[in-house]
Amino acid sequence: SSAGGSHCFPDLRVGVFKEIVPMGIDPKIVSYKETGIHLSPQEFHREVEQYLSQASQGQSDTILLDCRNFYESKIGHFQGCLAPDIRKFSYFPSYVDENLELFKDKRVLMYCTGGIRCERGSAYLRSKAVCREVYQLKGGIHKYLEEFPDGFYRGKLFVFDDRYTICSNEDIISACRYCGTLWDQYKLCSSQHCRQLVLTCPSCCSKGLTACCPVCQEKELQVTSKASGQTLKEECECTRRRPRVPIEDVSRRTLDAGK
C-alpha cells in the first residue's frame, strides 16, 4: 500500500487480458511458471550489498538488472544497476536476445515496480540458458522500500497513475530536460499529438518549455494555431532517435561495474 487518494485514480476500467503487462511472448511458449528464484526484500538487500562490495573491487560476476522502461529507471533505481534504454516491456525479449553475451555465465538480480514484469522477464531470461542463476525481487521495489526506505534504491519510484511518483528518500537523480537543474517530477508533453513524459522544472515551464523535445514544441505551436483536435501518439524526435533495442558494450559494462 502507499499514500494516495481518489484524485489519483479517476477512472475505473475492467478488462480481461492474457498478460497484465504484455511482453509480446505467448505464455504457452515461455511459461510464467519457470521464473527466477524469488528473494525477499531482506535477501535481495543482502545480495545487492554483496554485489556492490564486489563490484567496487572489480570482482563481481553479477548483473543487477532493472527490467522497467527507461523513463521509470531515469528518476529512480538501485545503485550499480543495468537499466536498459527501452520504452516498452515488449522490447525486453529483443533486448535479451541482442545482449546474450552480456548475460553469459552471470548471476542476475532482477527487479521491477511490484514484481509482475519479473515474473515474465525472468522466465524469458532463463529460457535462453545463458545465465548461471536468475533471481528476482519478490514484491518489487514497492515491498523493498517498505522495509528499506533508505536502502540501496535511490530516487523516486515511478507509478502508473496520476501521482507518477512515490517518494521514499530525498535523492533527486534526474534533471530538467531544458536547463539541467535537478528535477524528477514528470508531466505529459504539452503537444496534443504526443503522450511522452517530460521532465521540465517550474522555471522552464514558466518560459513555455513544456514539450518533450523541440519537434513537439514546434508542433504544439502549429496545432494551437490551427485549433486542430487531431490526436496522434509517439511521433516525435524523442522516439525516432532512440534505438528500439540498445546493444550494450560488454567490455565497458565490466569496467563500469568495477568502478
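In this predicted model, four strands form an open sheet in the order 1-5-4-2, with parallel pairing. Strands are DSSP runs of E with at least two residues, helices are runs of H or I with at least four, and both are numbered from the N terminus; two strands pair if DSSP finds at least two bridges between them. Strand 1 (37–39) and strand 2 are the edge strands, each pairing on one side only. From one strand to the next, the twist averages 25°. Strand 2 and strand 4 run parallel and are joined by five bridges. Leu64 has Leu109, in strand 4, as its bridge partner.

Residues are numbered from 1 along each chain as its sequence is written, and side-chain values use heavy atoms, with hydrogens and water left out. Local features need pLDDT of at least 70 and side-chain atom pairs count only at pLDDT 80 or more, whereas totals for chains, interfaces and linings use all residues.

Helix 1 (residues 41–56) lies across strand 1, strand 2, strand 4 and strand 5 (133–137). Its direction is at about 130° to strand 4, where axes are lines fitted to C-alpha atoms, for helices over the stretch in contact, and angles run from 0 to 180 degrees between N-to-C directions.

The largest nonpolar core has 26 residues. Such a core is a set of buried Ala, Val, Leu, Ile, Met, Phe, Trp, Tyr and Cys residues joined through side-chain atoms within 4.5 Å; buried means under 20% relative accessible area, exposed over 50%, and partly exposed in between, with a 1.4 Å probe and protein chains only. Leu65, Phe92, Phe103, Met110 and Leu125 have the most contacts inside this core. Two or more residues each come from strand 2 (62–66), helix 3 (92–98), helix 4 (100–103), strand 4 (107–111) and helix 5 (116–127). Helix 5 gives the most, with four residues. Beyond its neighbours within four places in sequence, Leu125 is in contact (heavy atoms within 4.5 Å) with Leu65, Val96, Phe103, Val108, Met110, Cys131 and Val134. A second, separate core of 20 residues includes Leu39, Tyr135, Ile141 and Leu157.

Gln185 lies in the loop between strand 8 (165–166) and strand 9 (186–188). Gln185 counts as partly exposed because its relative accessibility is 32%. Apart from neighbours within four places in sequence, Gln185 is in contact with Lys156, Thr165, Val198 and Leu199. The C-alpha atoms of Gln185 and Leu197 are separated by 9.7 Å, the two residues being 12 residues apart along the chain.
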